[in-house]
Structure formats: C-alpha cells, structure tokens
Amino acid sequence: ISSVLMQHCNFAFNLIIGEDNSIDSTREICKEYAKRYPQIIKLLPNDTNIGVVRNYQKLFDMCTAPYIAILEGDDYWTDTLKLQKQVDLLEKNANVGLVHTNYVLLNENGNKKQGHLLVRRTKLSGNVLVPSHLVDITISPLTVCFKRDLLKLVDFEVILKLKLSTVDFVLWTEFAHYTDFAYIDESTGVYRILATSI
C-alpha cells in the first residue's frame, strides 16, 4: 500500500483493495489505510473468501479509470514514477495496450535476482503472440499497466471453469491477440516468492 501511495503522477489515481477475508490482521491494516487516505483508497472487503479469480473479477468490475495496474498483496513497487512512465507510454502509443517492466525476485531467504534475464529481449515487446515468445515470457503482474478496455476480451467464467489458480497468463494471452506490448527495461518492483505462493 505504501509503495502505491508514494507514486508521483500528474494524474489522479485510486487504489482499490480486494481484502479477501484474511485470517490475519490484513483487514485491520487495510481499514486503517483507507481511513487515512479516503480520497485514494477504496476498500472492498469480502465477507467470505471468494478466491483469487473472483476477487480479481470483482476488482476489475470496480475500475473506471482508463488504465489499470496490478499489485498483489505480497509484492511492492520500488520506483516512484512507475505509473507515470507507463501511462505516458500508453498515451503516446495507440498500438500499445500493455506496458510491463523488469522486476526483482525476492525469496524468503533474502536472496534477490533480476526477473527478466532473457537474452532475446525483443520478445518482451511488440507482437508477443508468436508462440515461441509466449513460452519464454514471464510478465509479472506487479509490473503491468494496461488499458481497461482490454478486459472485455476476457471471459472470467472460462477461467473459473478451468479452475485456474490465477488470471495473469490468461489476461496477457488474450490481450496479445489485439494489441502490442511495450517493455521498460527498468526494475520497478519486487516480486516475493514465498513457500505459500501459488
């Protein structure tokens, strides 16, 4: 939450939190932040745990801004200009619907490594639908910013029927049919890898 609040942008933004009936103190922490930043934070607490896919769907349905960025609860942003850089790129390039960046992987033992270590970096941008590209691409949700209109291309009922554990790869694959991707080769966040991660 703090890493979203530290963003420097020439536009207004909201942080919509889908608190999925956590069994620890997460909800209380979210409530406190929402109380302190009511003009920015919208808290959507669930009375029962609805799961990752339904929670994503609920949050996306609440979004009204032209662009959406994702930040899952165990990750954080490190670049205060992340959103500004991505929106600037989206605004200047009509053919680009999704912008993603590099990132740092952080393991429980404290070891860090760069997220994208690909030799052929051309596979990270442009038309990434070429099968050989999608196999190698690892777009981390915490790095993306995309056009909200692309969500109408995604059938969440299919994701639920297939019992997928999360939505990111389906989103990128569907989006890639209709738009180019852009890649910023800068680390803008940290992706935690925990023993309990999906």
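The legends below describe close-up views of a predicted model.

**View 1**
Of the 198 residues in the chain, 41% are buried. The accessible surface comes to about 10800 Å², and carbon and sulfur atoms account for 54% of that surface.

**View 2. Helix 2 (residues 26-36) and its buried residues.**
Arg-27, Cys-30, Tyr-33 and Ala-34 are the buried residues shown for helix 2. Viewed down the axis of helix 2, these residues fall within an arc of 125°, so they line one face of the helix. An α-helix has 3.6 residues a turn, so residues three or four places apart point the same way. The buried residues pack against helix 1 (2-5), strand 1 (15-19) and strand 2 (41-45).

**View 3. The cysteines Cys-30 and Cys-63.**
Cys-30 has a relative accessible area of 5% and is buried. For Cys-63 the relative accessible area is 18%, which also falls under the 20% limit for a buried residue. The disulfide count is 0, where a disulfide would need a pair of cysteine sulfur atoms within 2.5 Å.

**View 4. Asn-55 in helix 3 (residues 52-62).**
Is Asn-55 buried or exposed? Asn-55 counts as buried because its relative accessibility is 9%, and the limit for a buried residue is under 20%. With neighbours within four places in sequence left aside, the contacts of Asn-55 are Gly-18, Asp-20, Asn-46 and Ile-50.

**View 5. Leu-71 in the loop between strand 3 and strand 4.**
Leu-71 is partly exposed, at a relative accessible area of 26%. Which residues does Leu-71 contact, leaving aside its neighbours within four places in sequence? They are Ser-3, Val-4, Tyr-76, Trp-77 and Leu-142. Leu-71 and Ser-140 are 69 residues apart along the chain, and their C-alpha atoms are separated by 9.6 Å.

**View 6. Helix 4 (residues 82-92) and what covers its buried residues.**
In helix 4 the buried residues are Lys-82, Leu-83, Gln-84, Gln-86, Val-87 and Leu-90. Their cover includes strand 3 (67-69), strand 4 (76-77) and strand 5 (96-107). Strand 7 (145-147) and strand 8 (180-193) are also part of the cover over the buried residues of helix 4.

**View 7. A nonpolar surface patch that includes Val-158.**
Val-158, Leu-162 and Leu-164 make up the patch, and together they have about 250 Å² of accessible area. Val-158 is located in helix 6 (residues 156-161). With a relative accessibility of 41%, Val-158 counts as partly exposed.

**View 8. Helix 7 (residues 168-176) and its buried residues.**
The buried residues of helix 7 are Asp-168, Leu-171, Trp-172, Phe-175 and Ala-176. These residues cover an arc of only 125° around the axis, which puts them on the same side of helix 7. Among the elements that cover them are helix 3, strand 5, strand 7 and strand 8.

Notes
Residues are numbered from 1 along each chain as its sequence is written. This is a predicted model: local features need pLDDT of at least 70, side-chain atom pairs count only at pLDDT 80 or more; totals for chains, interfaces and linings use all residues. Side-chain values use heavy atoms; hydrogens and water are left out. Buried means under 20% relative accessible area, exposed over 50%, partly exposed in between (1.4 Å probe, protein chains only). Helices (H or I, at least four residues) and strands (E, at least two) are DSSP runs, numbered from the N terminus. Contact means heavy atoms within 4.5 Å. The arc is that of the directions from the helix axis to the C-beta atoms. Patches are made of residues with over 30% relative accessible area and no salt bridge: like charges are joined within 9 Å, nonpolar side chains (Val, Leu, Ile, Met, Phe, Trp, Tyr) within 5 Å. Accessible areas come from the Shrake-Rupley method with a 1.4 Å probe; for residues, only the protein chains shown count as cover. A salt bridge is a side-chain nitrogen of Lys or Arg within 4 Å of a carboxyl oxygen of Asp or Glu.
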